[in-house]
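Me: Hi! Could you walk me through this one?
Reply: Happy to. Have a look at it here and then ask away.

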Amino acid sequence: MQPAVDATASRSKSAAEAVSQPTTADRLQSEDIYISSSVQRLSHVADCTTLYLDDAKGEQTALPVLAFASDRRVAICYPTPNALSTHTLLQRLPSPISVLKFAHNPAHQAAPLLLAGLTDGHVFIWQAWRSRYGDEKLCRLSDQEQLVPAHARAVKWSCVAQAKSHSPIKALAVDRPAQGTFSIGSAAREKAKAKSVGVVLVTGHADSSLRSFVPLCDLSGHTDWVRSLDFVQPRQASKTLLLASGAQDCSVRLWRLSSAEDAAASSSEAVAEKREAAPQQLDAFDQLASKLESNFSAQPKRSRDLVTASQSFALGEERWRARLDALLAAHEGWVTSVRWASSAPVHAGARAQTSTEREAGAYAALLSSSADNSAIHWGPASALASAVDQPLARFEASERRGESEEDQSRYVVRKEEETNASAWRNVFAPAGHWQRINAAKWEPQGKYFATAGDDRTTRIHARVRIARSAQKSRSAWHEIGRPQTHGHAIHALAWLDRFALASAAEEKVVRVFESTMGFVQSIVKLGCAHGAKRSSSAVLLVRLGDVNKVDVSRLKEAIEKVAQLATTLQKGRLIILLNSPSFEGLAEGRPIKASFEKVESLLKGVYALAWAVAVQKERLDAQIDVLFAEDVQVQRSSRMALSLCQTETLHVLDDRPAPQRDDLSLDLSLDFAEHIERIPAPAQQGDEEKGEQCGEALRTFPQYRNVAMGGTFDHLHVGHKILLSIAALLSRDRLIVGITGDSMLSKKANAELLEDIVERVERVNEFLKRFRYGQAPLERFVRELKDVAGPAGTERDLQAVLTTDETISGGDFIDKIRRERGLCEVQREVIGVIGAQGQTDVKGDAKELAASKIGSTAIRAWLAKQRDQDATLASSGETSSDEEEEEFLRCCSATEQDRPVGASVPPLGLSNRALRSVEEDILEPASASGQDIGKARTSLSYAFTHPPTEEELHATTLWPEVHKLYGHELELLQMDCVEMDGTRWIASSAQAKSVKDATVRIHRYFASEAQGQPSNWQEVHRLEGHSLGVTAIAFSPSSSSSSTDQHARYLLTASRDRTWRLYAREMVEQKATWKFVAESGKAHTRIIYGVSWAPQALQHRAAPILLFATASRDKTVKIWSLSMQTASAVELLQTFKLAHACTSVAFHASLMLAVGCENGDVVLLGPLEAENGHEKREKDALGTGRQWEVKGTLWEHHADAVTQLAWRPCDEPLRHTLLSAADDAVVRLSLVCVE
């Protein structure tokens, strides 16, 4: 019971001074796999548009994009087959977003601009652009998680301008009235005028400079605040714009903006003069306008005249006019939003409009919404009319969708066509918490996680399978359950087991919930229990001498050994890294120092040896890659290979000449690998003789500026990869790859198993990125072939064409086409093919080569055979799931029938009670005064086969409450739970007004000893010692390999009093009790926000050691060690001083530490790299010399303080999944890779 000892004060001090502002090194790679965020509860903070991007066929396709404001960030969503998924979050903004709009891009119509107006008056402008070389991240998503379209994943958004408007913006409209500029119509609440706000037209340049917008004119007329604006251009060829403005005066006004030179503008003015001269001939609109203005007769005529009043202003070198064109008055409440609509619907994959279609213009239809719970669809008398003059239909919130109100006024008519309800369906849309998130916890096996926050809900998120077709499916993360909708803000969560959790809210009771039968069934049907299919994998690093002198046969034993490991299971993966001095200079774009024939022989020989093993074991789906790496890139390439193969073992074969094997630089550079298995090299014989035989002058591998090649590339195999590898080495600047289109492959055998053109393009691009990793950038032009010659027959700057022995005739045809078109001749490079069994000496004519080579036809036949075998197994009731999935499914099956079918929520919403049958009806007793308090609401669970929609989440996914834990006298703050020796324990804390309240209460679960007796929770201990409220509670993790759970017997608490305290569970007279063992004193100078234990105990000398970390508002993170032999022996290992207050912390099994900051950054700390190879690793794992360093920072990971961090348990090797939640109400799931 002694204070913790700072045994490394001097070292900690130096570490603290070194980390005032961490910098992100290239070693850190991260990628989001899931973002859960909700749109702000404001008007005008969501908008959609269409991006026109080139697809795999080289044609422009339409990609709908949805953008919405989430706190101080903009979320971008792209459509998927069954859902809209949040793809990315843009940069954090300095103040909240009040309005969000897409706009035309003056420079590039296919890539629109995105504008965000902030409450501080700033406008931020983003532009969409497409990455040229694609994403080169190591920690990329697996194929099973890539639901976003391929052409959408390459879209980036960059901020191109920032401007200051005239005042805080509440409404925004954007359009392009002149080339090179865009105009904004803005409306704001002016402090000087409480009841009079007009529309201000301003303009600014669409360039990267920061310029203030210039006011053009004021459009006055509204008598109350303007709430919404929207532009439309009826005809693209004309210089006429219509601006709709909706205000709190219950009206919508249409303003016409016309160039003085536009004939349409002159015509409109003539009509206006005619109306003024003959008032007796006014149309319905003018009659209504005159009637509405009769109350303003005392005002000057110009301010009363709605039809003829106009203003002139200069825009560039042109004169423009703005005038009121129409007044729409049918709403009975504030007009909250107006939006123009185009007649041409846009959907994912739609063809881009032609110039003729765009010239035809848009159908001028307007939709307005109001605080009177109605939406009105306004339309002109004809589709070509320039103004909207009558409502087509009125939709009331109290009526069924599609019906219109009869005889509301003479301007409201019945909708002629009934709404086709069958054409609309609800899909899973972006959703999430809409207030601060306080808790985010993984279930024990890491299959799904739960979040809770100030919006008084608990949500469960999991990765579900989404079918793309009858044979193919992909998976993505979605919200699948909402077990708790509470009356108070929820502060903490804890999983008791995989199907039960407890929550602590802003009340005095801890509530325990049990999952329903429908949730368990949904977990199975949605595939949440299934991880990625288990596959075998291996990585082999081969160190070679001069490529011109390499004997591939010497590599046979090593390659066959590793290939056997990689092809143990289906879809095995083998990466062979070849390292040679001949590859020096690849990173700078220099050619290989070896002849074309030697490089081809090396590639064919290595691939053939590995493929022969795959054929022998009937694993034709094996993914085999042979990659090149020069000395300076060996470490990076090895890390990349280990990450892709998800393995920790690196096999190494050193086949260099004997004098070069003494070089230890490689041994030191490979210390990052968890396990290194060295394969002995065959004995060297006749080195001198062989050297003499190879003593001819060395030739350099040829290179060309622009190279073309083509093929089908279906089910990418080793033959394809040899061809692509040689092509990538030949290309210096640009590589053109033509891929046979789907229509040209329809007569192939097993055509139903053919990969579509999009998938084939993706696989080719992915392989080229892997092969060129660490090398000079190469522009890739991968497109569908529309004719035999493809781009090779039209590319003027083409220098070389690569073919195989089988496709030499195709090269002849390309030469003929180029001569006919007057194009220059190109160099021909030809390589051989590999036989179906791995032969490297296949000879013959084109027909004989096609019959004997490895081909996609044989792979599709093998896949068809495997499909038939799987169908036979399924029909017989057998499965091929792995052991983990089988165990989980058995657990679900065993408990499914005993679980409630739903929950009953009382009218007062106090507790969710369990429903044991569908017919059960829980009657609510009357109140003490005899008054009926209402009827309970029932939530019956369902087994979902699709991601549930928002309505389904709210109505059918509640969990019943099974226990309440009492004891605290004030609102709860934190809690945690653990299972030790078969018993569950819950520790909880509450707010403290005095020392008496600053206690931690321990509850224990007592199972029923006899059938019929209820199980319950009882308070068994109170832990005192803190003087202020306890802000963090954490049980030490249990050990899966220990039957006595010695690791889980500690409880760590931290408080506002700037101290932490440690307690241990002990057995006294066969009764478990908790005993205080250590405290920190004033460990920090400010409040401690977070604590975290390392997931596993580490061996140090004779006694195991536990690590834990504390994070504080004083901007420091401290790492401590606890000796399990002497519990009071706690030492401070290291202190880090960061740039911002630390609000959360989480330890990973690899001893990596994630630290959440108050500004939204996440700093990653990791152990220092070993200095002396394995010799250092064999030393004490946690001696006094143990050090951590800053590995990198996830900048602006959140827009506000990070409240919770959690690493995924049971994570895959080298794929660290980080869960984070923050005050910005965003949940992010990220893959993190640190080199």
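Reply: Let's start with valine 599, which is buried, with a relative accessible area of 1%. Please keep in mind that this is a predicted model.

Me: Ok, and which helix does valine 599 lie in?
Reply: Valine 599 is part of helix α9.

Me: What does valine 599 touch, leaving out residues up to four places away in sequence?
Reply: Its contacts beyond that range are Ile592, Ala594, Phe628, Phe701, Ile726 and Leu729. There is also asparagine 548, 51 residues apart from valine 599 along the chain, with 8.0 Å between the two C-alpha atoms.

Me: Let's go on with α9. How does α9 sit against α13?
Reply: Helix α13 covers residues 718-730, and the axes of α9 and α13 come within 10 Å and cross at roughly 155°. Since that angle is over 145 degrees, α9 counts as roughly antiparallel to α13. The crossing of these two helices is right-handed.

Me: Which residues make that contact?
Reply: From α9 there are Phe596, Val599, Glu600, Leu603, Lys604, Tyr607 and Trp611. On the α13 side you'll find Val718, Lys721, Ile722, Ser725, Ile726, Leu729 and Leu730.

Me: What about α8, at what angle does α8 pack with α9?
Reply: Helix α8 (residues 556-566) and helix α9 (residues 596-616) pack at about 40°, and their axes are 9 Å apart. That angle makes α8 oblique to α9. The crossing is right-handed here.

Me: Who's in that contact?
Reply: α8 brings Lys556, Ile559, Glu560, Ala563 and Gln564, while α9 brings Val606, Leu609, Ala610, Val613 and Gln616. By class, the contact of α8 with α9 has six nonpolar, two polar and two charged residues.

Me: New topic: backbone. Where is glutamate 618 found?
Reply: Glutamate 618 is in the loop between α9 and β34 (623-629). Its phi is positive, about 55°, although glutamate 618 is not a glycine.

Me: Why point that out?
Reply: Because most residues other than glycine have a negative phi.

Me: Ok. And what is the phi of arginine 456?
Reply: Arginine 456 has a positive phi of about 70°, and this residue is not a glycine either. You'll find arginine 456 in the loop between β26 (448-453) and β27 (457-467). Arginine 456 is partly exposed, at a relative accessible area of 37%.

Me: Switching to arginine 1065: buried or exposed?
Reply: Arginine 1065 counts as buried because its relative accessibility is 11%, and the cut-off for buried is under 20%. This arginine has its place in strand β52 (residues 1060-1068).

Me: So what does arginine 1065 touch?
Reply: Leaving out residues up to four places away in sequence, arginine 1065 touches Met980, Asp981, Trp985, Arg1049, Ala1072, Thr1073 and Trp1074.

Me: What about leucine 541, which strand is that in?
Reply: Leucine 541 is found in strand β32 (residues 537-543). With 1% relative accessibility, leucine 541 is buried. Leucine 577 is 36 residues apart from leucine 541 in sequence, and their C-alpha atoms are 4.7 Å apart in space.

Definitions and conventions. Residues numbered from 1 in each chain as written. Predicted model: local features only at pLDDT ≥ 70, side-chain atom pairs only at ≥ 80, totals over all residues. Heavy atoms only, no water. Axes fitted to C-alpha atoms, helices over the stretch in contact; angles between N-to-C directions. Helix = DSSP H or I, 4+ residues; strand = E, 2+ residues; numbered from the N terminus. Parallel < 35°, antiparallel > 145°, perpendicular 65-115°, else oblique. Left-handed = near helix turned anticlockwise from the far one by under 90°. Contact = heavy atoms within 4.5 Å. Nonpolar A, V, L, I, M, F, W, Y, C, P; charged D, E, K, R; others polar. Buried < 20%, exposed > 50% of the residue type's maximum accessible area, 1.4 Å probe, protein only.
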